[in-house]
Amino acid sequence: MTKRARPVGEDDLTAYVDDALSPERRALLERWLDDHPEERARLERDRALNERLRATLGPLGDAPIPDRLRVEAIRRRLRQRDFGIAGRAAAAVLLLAIGAGAGWLAHDRLAQDPQRQEIRAAITAHRIFVAEKLHPVEVTAEARAHLGTWLGNRLGRPVDIPDLSAAWLTLLGGRLLPGPNGPAGQLMYETPDRQRVTLYIEPGSGAASAFLFAEFEGAPALAWRSPQLSYVLTGPLPRDALIRIAHRIHAPG
Amino acid sequence: MTDRSREIEACIPDLRRYALVLCRDRDEADDLVQDTLERALSRWVLRRPGGALRPWLFAIQRNLFLNARRRDARSRRLFAPGGEFEGEAGAPPEAALELRQTLEMIDTLPETQKSALVLVAIEGFTYAETAAIMGVAEGTVMSRLSRARAHLRKLGDAPSGGSRLRRVK
């Protein structure tokens with residue numbers, strides 16, 4: 001059987017315009033275009049458009065870079081900001097040692113601690129639902145107001161859905177979960193590079209607490225309590241980022 | 001200056017150009033680039049090891065733009081087509097006119113097609129890189145390009161509204 005080249009397709013025509021064809025494929029297409037003058041005219045127009053875009057918009061990058069966009073300036077600002085937040089948060093941070101060998105899953109006394117149960121429930125829910133492709137959330141972000149009212153009714157206290165867009169997090173939605181002590185909620189957010197972060201909420205016990213870091217099988221979590229609600233924030237972010245988001249939740253705007 | 005800073009800084013002119021095409025306003029565009037750089041520097045550790053820097057920066061910038069646009073869609077006029085940017089001060093009037101017409105022309109495309117066209121035709125990304133930046137399959141990038149070009153061809157052929165946009169040689 002003789003080997004025959006694949007027939008010419010729209011993908012070849014597109015790649016011809018962008019000079020993305022292999023030399024062999026390009027030669028084949030040139031021969032084909034000899035018999036198809038209308039297609040050739042069309043592709044010449046498309047190539048002329050590419051030229052026009054490059055000639056007209058290309059120079060937009062030539063303007064001198066303003067000082068504020070210099071990498072050194074950006075670094076300086078980031079350092080100042082991180083120092084401010086880390087300074088405030090450092091005193092309030094405890095580290096919760098969790099690991100396969102640290103008794104996390106063992107049914108010891110510590111495992112009965114309510115906050116640890118919450119963290120475990122939150123991380124488990126995080127791992128189940130961030131991996132979910134079809135139904136990551138039960139109520140989507142479009143129904144944000146409804147989501148807040150609904151979770152508030154089920155948790156028996158007002159639930160504000162935090163707007164974390166200033167921390168580069170987009171709300172995907174949320175769901176109701178069975179928590180260790182009754183109904184719980186999970187809100188899911190996404191970073192610009194599509195990593196998912198969840199905020200687990202349960203009714204609080206009336207007392208506020210410090211930040212508690214936990215990490216279990218590669219899922220870092222930050223837990224804390226306000227008088228109204230108990231929170232666990234889980235996501236593949238550095239600690240300072242989790243703290244920054246936590247501050248954002250309590251200081252909107 | 002570290003190698004990393006140098007590598008990032010080399011991408012800034014391209015990021016500013018893409019931001020300007022997205023935002024159509026110099027200050028908005030530079031705010032977007034600034035957010036992109038802050039994000040990139042503070043999330044450097046989350047970078048895929050060995051991944052190319054320039055497509056990564058473009059992906060962050062586009063996602064930040066889309067998030068901001070979604071957020072601002074209702075409350076502000078920002079990012080509405082037909083922003084104020086009409087060329088750098090001091091550019092010759094013909095060049096400014098050509099620039100404005102070109103920007104207006106590609107603004108008639110949906111963002112998905114506009115970005116595909118700009119990333120491939122101006123920024124010189126391969127189809128695979130563009131697909132990674134936009135989070136879609138390579139075939140999707142190619143069909144977006146094809147649709148964008150068909151639309152712009154039709155625009156050039158239109159007798160009334162489109163004629164204003166036709167290239168004057």
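B:Arg24 is found in the loop between α1 (3-23) and α2 (26-42) of chain B. In this predicted model, the phi angle of B:Arg24 is near 60°, a positive value in a residue other than glycine. B:Arg24 counts as buried, because its relative accessibility is 3% and the cut-off for buried is under 20%.

**Chain B as a whole**

- Chain B has 7 helices and 0 strands, so the order of its elements from the N terminus on is written α-α-α-α-α-α-α.
- Of the 169 residues in chain B, 56% are buried.
- Among contacts in chain B with a separation of 6 or more, 61% are between residues 24 or more positions apart.

**Confidence in chain B**

- Chain B has a mean pLDDT of 83, and 78% of its residues reach 70 or more.

- Where is A:Arg194 placed in chain A? It is in the loop between β4 (182-190) and β5 (196-203).
- The phi angle of A:Arg194 is near 65°, again a positive value in a residue other than glycine.
- A:Arg194 has a relative accessible area of 47% and is therefore partly exposed, whereas B:Arg24 is buried.
- B:Asp30 is found in helix α2 of chain B, and B:Asp30 is buried, with a relative accessible area of 5%.
- Not counting residues up to four places away in sequence, B:Asp30 touches A:Pro66, A:Arg68 and A:Leu69 in chain A, and B:Arg16 in chain B.

**Helix α4 of chain B**

- Helix α4 of chain B covers residues 93-106, which is 14 residues.
- At 1.5 Å a residue this helix should span 20 Å, and its end C-alpha atoms are 20 Å apart, so the two values agree.
- Which residues of α4(B) are buried? They are B:Ala96, B:Glu98, B:Leu99, B:Gln101, B:Thr102, B:Leu103, B:Met105 and B:Ile106.
- These buried residues pack against α3 (37-57) of chain A, and also against α1, α5 and α7 (138-157) of chain B.

**Aromatic rings**

- A pair of aromatic rings is described by two values, the distance of the centres and the angle of the planes.
- Over all chains there are 4 aromatic pairs.
- Why is the pair B:Tyr18 and B:Phe58 stacked? The ring centres are 5.4 Å apart and the planes are at 25°, and planes under 30 degrees apart count as stacked.
- B:Tyr18 lies in helix α1 of chain B and B:Phe58 in helix α3 (residues 53-72) of chain B, so this pair ties together parts that are 40 residues apart in sequence.
- B:Phe58 also pairs with B:Phe125: the centres are 4.9 Å apart and the planes at 75°, so this pair is edge-to-face.
- B:Phe125 is in the loop between α5 (111-122) and α6 (127-134) of chain B, and 67 residues separate it from B:Phe58.
- B:Tyr18 and B:Phe58 are both buried, with B:Phe58 at a relative accessible area of 0%.
- B:Phe125 counts as buried at 4% relative accessibility.
- In chain A, one aromatic cluster is formed by A:Phe211, A:Trp224 and A:Tyr231.

**Charges over rings in chain A**

- A:Arg47 lies over the face of A:Tyr16, at 5.2 Å from the ring centre.
- A:Arg239 has its charged end over the ring of A:Phe213, 4.9 Å from the centre.

**Nonpolar cores**

- In soluble globular proteins, nonpolar side chains tend to be buried together.
- The largest nonpolar core has 67 residues, and those that touch the most other members are A:Leu53, A:Leu57, B:Ile106 and B:Leu117.
- Helix α1(B) gives the most to this core, with 10 residues.
- Leaving aside neighbours within four places in sequence, the contacts of B:Leu117 include A:Leu49, A:Asn50 and A:Leu53 in chain A, and B:Ile106 and B:Leu145 in chain B.
- Another core, of 30 residues, lies apart from the largest one, and its residues include A:Leu169, A:Leu187, A:Ile201 and A:Leu229.

Note on methods. Residues numbered from 1 in each chain as written. Chains lettered and ligands numbered in written order. Predicted model: local features only at pLDDT ≥ 70, side-chain atom pairs only at ≥ 80, totals over all residues. Heavy atoms only, no water. pLDDT = per-residue confidence, 0-100. Helix = DSSP H or I, 4+ residues; strand = E, 2+ residues; numbered from the N terminus. Buried < 20%, exposed > 50% of the residue type's maximum accessible area, 1.4 Å probe, protein only. Phe/Tyr/Trp six-rings, centres within 6.5 Å; stacked < 30°, edge-to-face > 60°. Lys NZ or Arg CZ within 6 Å of the ring centre and 35° of its normal. Core = buried A, V, L, I, M, F, W, Y, C linked by side-chain atoms within 4.5 Å. Contact = heavy atoms within 4.5 Å. Expected span 1.5 Å × (residues − 1).
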